[in-house]
Amino acid sequence: MTQQAAALQNYNNELVKCMEDLCSKREELSRQIKQEEEEKDRLQHDIRILTEKLSRVNESLAQRLAARANFDQTIAETQAAYTKILESSHSLLSVLKQETGNLSKATEPRRKDH
């Protein structure tokens, strides 16, 4: 019986060692899981903050783009109006020069042709 008792004791010792190894590996795995869950929480927090920041930047950008479009429209309208003013000024100057020339001819003393 002593041989059987010794074998049983060996099996028992191996079984206890295997159980201790399994528990140790489980504890290590639990520690790793906890670390990854904490990292996941940090990343989700960072994503939430960055998403909010992105939303604010997108809103600001949209407002600035709309304002720039208004500037572009105002500039284009002003340039078109200024071009019309220049064209009108040129036409007015041409008409004025022509009329001045006509008035000058009309007021010049007539020469007598012999």
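Helices here are DSSP runs (H or I, at least four residues), and strands are E runs of at least two, numbered from the N terminus. This is a predicted model: local features need pLDDT of at least 70, side-chain atom pairs pLDDT 80 or more, while totals for chains, interfaces and linings use all residues. Residues are numbered from 1 along each chain as its sequence is written, and side-chain values use heavy atoms, without hydrogens or water.

Q: What makes Arg42 and Glu39 a salt bridge?
A: A salt bridge needs a side-chain nitrogen of Lys or Arg within 4 Å of a carboxyl oxygen of Asp or Glu. The closest N and O atoms of Arg42 and Glu39 are 2.5 Å apart, so the pair qualifies. Both residues lie in helix H1, three residues apart, about one turn of the helix.

Q: Why is the contact of Asp21 with Lys17 called a salt bridge?
A: Their closest N and O atoms are 3.6 Å apart, so they meet the cut-off. Asp21 and Lys17 are four residues apart in helix H1, about one helical turn.

Q: Why is Glu36 called exposed?
A: Exposed means over 50% relative accessible area, buried under 20%, partly exposed in between (1.4 Å probe, protein chains only). Glu36 has 60%, so it is exposed.

Q: How do you know whether the chain is spread out or a compact globule?
A: The chain has one helix and zero strands. Its radius of gyration is 48 Å, well over the 13 Å of the globule rule for 114 residues, so the chain is more spread out than a compact globule. The radius is taken over C-alpha atoms; the rule is 2.2 Å times the number of residues to the power 0.38.
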